[in-house]
Amino acid sequence: MSLPFLASDGAQDEALPYASRDTWMRTYRPGPLRVAMAAMALVFVGYLLVAAGIMGIAGNTHGAGTCLGITALLVVCALRILRVGFWVSGRGLRQVGLFYTVTVPWDRVGSVRTAQQPVKVLGLPRTVMGQAVVVTRSNGDPLRPLLTDHNADFWHRTEAFDQAADAIEAWAAALR
């Protein structure tokens, strides 16, 4: 399976064939666990909307407002869960977490490599030996290892992790 962001078409001046360098894109698809977490949050949103409707009809506006507020918060969390990961563009490398976003321009990226190191399993405190994409800034500060072979995108999908890591390393090699 050939992916457009993994290989060159042979042209030396264009190392990575893609439509636009100005748009942020993720070099891999969200994993099934990440999509399942967002889907379960949205199912819960449906139940909360029904509850808010029932409370509103019954005259409990405070309870309906609370349910609608929780619903809005859950929708934002579900969308944010789907955005977590590494994003690349011609401007730099963006690391999106659940509660933070770090953007590093390509001229400030020191190195991008895959390393064998202790990684968290599904973001929980338990660590195991695994692979992680390690991004180091030019001043020597490393970013958090967000892309690992044990996170929600690549749990038991080592081939997908290898492709995503190779794609991010190719972007870094072409644009640094």
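Trainee: How do you know that β2 and strand β3 pair, and in which sense?
Mentor: In this predicted model, β2 and β3 (residues 101-105) share 5 bridges. At least two bridges are needed for a pair, so 5 bridges qualify. The sense is antiparallel.

Trainee: Which residue of β3 stands opposite G92?
Mentor: P105 does. The link from β2 to β3 is a hairpin through 4 residues.

Trainee: What makes strand β1 and strand β2 a pair?
Mentor: The bridge count again. β1 (residues 85-88) and β2 (residues 92-96) are joined by 4 bridges in the antiparallel sense. The rule asks for at least two, so the two strands count as paired. F86 is bridged to Q95 in β2.

Trainee: How many residues lie between β1 and β2 in their hairpin?
Mentor: The number is 3.

Trainee: Why is the contact between D153 and R34 called a salt bridge?
Mentor: Their side chains meet at 2.8 Å, N to O. The cut-off is 4 Å between a Lys or Arg nitrogen and an Asp or Glu carboxyl oxygen, so the pair qualifies. D153 is in the loop between β5 (127-137) and α3 (158-175), and R34 is in helix α1 (residues 32-58), so the bridge ties together parts 119 residues apart in sequence.

Trainee: How many salt bridges does the rule give?
Mentor: The count is 1 salt bridge.

Trainee: Is D153 buried or exposed, and how do you know?
Mentor: D153 has a relative accessible area of 0%. Buried means under 20%, so D153 is buried. R34 has 7% and is buried by that rule.

Trainee: What makes the length of α1 agree with a helix of 27 residues?
Mentor: At 1.5 Å a residue, α1 should span 39 Å. Its end C-alpha atoms are 39 Å apart, so the two values agree. Just after α1, G59 has a positive phi of about 100 degrees.

Trainee: Which residues of α1 are buried, and what covers them?
Mentor: They are R34, A38, A41, V45, L48 and A52. The cover includes α2 (61-83). Residues three or four places apart on an α-helix point the same way, because a turn takes 3.6 residues.

Trainee: Where is H62, and why is H62 called exposed?
Mentor: H62 is in helix α2. Its relative accessible area is 65%.

Trainee: How many disulfides does a search of the whole structure find?
Mentor: The search finds 0 disulfides.

Trainee: Why does N151 count as buried, and which residues does N151 touch?
Mentor: N151 is at 9% relative accessibility, under 20%, so N151 is buried. N151 is in the loop between β5 and α3. Leaving out residues up to four places away in sequence, N151 touches L122 and L146.

Trainee: Is H156 buried or exposed?
Mentor: H156 has a relative accessible area of 68%, over 50%, so H156 is exposed. H156 lies in the loop between β5 and α3. Its phi is near 60 degrees, a positive value in a residue other than glycine.

Trainee: Where does pLDDT stay under 50?
Mentor: Over residues 7-13. The model has 7 contacts for them beyond four places in sequence. Where pLDDT is low, predicted coordinates should not be read in detail. For the protein, mean pLDDT is 86, and 89% of residues reach 70 or more.

Note on methods
Residues are numbered from 1 along each chain as its sequence is written. This is a predicted model: local features need pLDDT of at least 70, side-chain atom pairs count only at pLDDT 80 or more; totals for chains, interfaces and linings use all residues. Side-chain values use heavy atoms; hydrogens and water are left out. Buried means under 20% relative accessible area, exposed over 50%, partly exposed in between (1.4 Å probe, protein chains only). The expected span of a helix is 1.5 Å times one less than its number of residues. Contact means heavy atoms within 4.5 Å. pLDDT is the predictor's confidence in each residue, from 0 to 100. A disulfide is a pair of cysteine sulfur atoms within 2.5 Å.
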